[in-house]
Amino acid sequence: MLKRALVILCFYALLALITLYNPLFHLNGFVTGQPVTDFYHFHWNYWWMRHAFTNGLNVYLTDYVFAPFTNNLAFHTLTPFFYPIWALIEPFAGTVVAMTAIFVAAMTASASAFYALLRREGVSLGLALVGGAMLELTPLMLTAVYWTNINLMGWFWLPLLILVWGWMGRAVTDNVVAAGFKLAPTHRNLTMRIVSGTLALGLMLWGMVLTDLQYPLFNSFVILPYALRVLARVSSWRARIRLLLAGAASVGIALVLLWFAGPLPYILSFERGDLSPTPADRAVSIPFPQGFILHYDPAAN
């Protein structure tokens, strides 16, 4: 089982490397990006995070942008989730190589997570491999590479959240079935699965928000209906309540982490009165549906 998982990871990592051959073979002279965007945005983010960490500064409050005024970066796309990859690689290979490593890691993780979800749903090995590759090479992922928008490359959160919630739902369902057939007691195993699932779900929700504040909005259109479907399939009200409490506890864990190791306090204290958001008709967009199916060149839009 572990050997197969490693082979799958290597397959999707190789596919990512092949897809990114152009930036990989021009690391010394080129960075990904188009004229319509500030491609060095996330490079600055990670420089700033390292500077703040090493000098005891607050990551979310800084006067480095519009000195001498202090700016609240709560709604700035810092994307601290991928920062450890950059922090490990940048001192030895430079920021461009480190950012390219994030591209490869994000593409590999998204494909592998979607493959795992498809296999859990009974899809054959071959079709699951194709499904993972389709997500890895979707125009949204490639456009994120073009613009160095690594905050838009965290789509592995969606299949991972579905996998964990479904695993917890099956745990309580299996326990009800076992009790009905008078099998060996499974309460201890059930408790361990629920506790571990709750912790995993809370950590994932925390990591998802640290990737981008938009993901709770994006993923809720899939996660919430799926969560209700899992609850509806649980035959016992007692098990259903247990699952609901576990979900609420996961959200609580995520909120606590976001308060002490995230942007939540700064989001709540953010002064929104002076914001001047970009009008919808002037925002950079991906044309639907062709931009989600065919290769999309942002510079040609």
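1. Start with W165. Skipping its neighbours within four places in sequence, W165 is in contact with L201, Y226, A227, V230, L231, L243 and G247, where contact means heavy atoms within 4.5 Å. Bear in mind that this is a predicted model, in which local features need pLDDT of at least 70 and side-chain atom pairs count only at pLDDT 80 or more, while totals for chains, interfaces and linings use all residues. Residues are numbered from 1 along each chain as its sequence is written, and side-chain values use heavy atoms, with hydrogens and water left out.

2. W165 also belongs to the largest nonpolar core, which has 62 residues; Y46, I150, M153 and W165 touch the most other members. A nonpolar core here is a set of buried Ala, Val, Leu, Ile, Met, Phe, Trp, Tyr and Cys residues joined through side-chain atoms within 4.5 Å. Buried means under 20% relative accessible area, exposed over 50%, and partly exposed in between, using a 1.4 Å probe and protein chains only. Helices that each supply at least two residues of this core include α3 (41–54), α5 (95–120), α9 (187–211) and α11 (237–260). The most comes from α8, with ten residues. Another core, of eight residues, lies apart from it, and Y12, L15, A111 and A128 are among its members.

3. Now for the chain as a whole. You'll find 13 helices and two strands; these are DSSP runs numbered from the N terminus, with helices (H or I) of at least four residues and strands (E) of at least two. Of the 301 residues, 40% count as buried. Take the contacts between residues at least 6 apart in sequence: 73% of them join residues at least 24 apart.

4. Helix α6 (residues 125–136) is worth a look. Its twelve residues should span 16 Å at 1.5 Å a residue, and its end C-alpha atoms are 17 Å apart, which agrees. The expected span is 1.5 Å times one less than the number of residues. Within α6, A128, G131, G132, A133 and E136 are buried. What covers them includes α1 (2–19), α5 and α7.

5. Is H43 buried or exposed? H43 sits in helix α3 and is buried, with a relative accessible area of 5%. Leaving out neighbours within four places in sequence, H43 is in contact with W86, T95, V96, M99 and T148.

6. That brings up T148, found in the loop between α7 and α8. Phi of T148 is near 55°, a positive value in a residue other than glycine. At 1% relative accessibility, T148 counts as buried. T79 has a positive phi too, near 50°, and is likewise a residue other than glycine. T79 is in the loop between β2 and α4, and at 2% relative accessibility T79 counts as buried.

7. Areas come from the Shrake-Rupley method with a 1.4 Å probe; for residues, only the protein chains shown count as cover. W47, L57, Y64, V65, F66 and F69 make a nonpolar surface patch of about 610 Å². V65 is in the loop between β1 (61–62) and β2 (71–72), and at 39% relative accessibility V65 counts as partly exposed.

Note on methods:
Patches are made of residues with over 30% relative accessible area and no salt bridge: like charges are joined within 9 Å, nonpolar side chains (Val, Leu, Ile, Met, Phe, Trp, Tyr) within 5 Å. A salt bridge is a side-chain nitrogen of Lys or Arg within 4 Å of a carboxyl oxygen of Asp or Glu.
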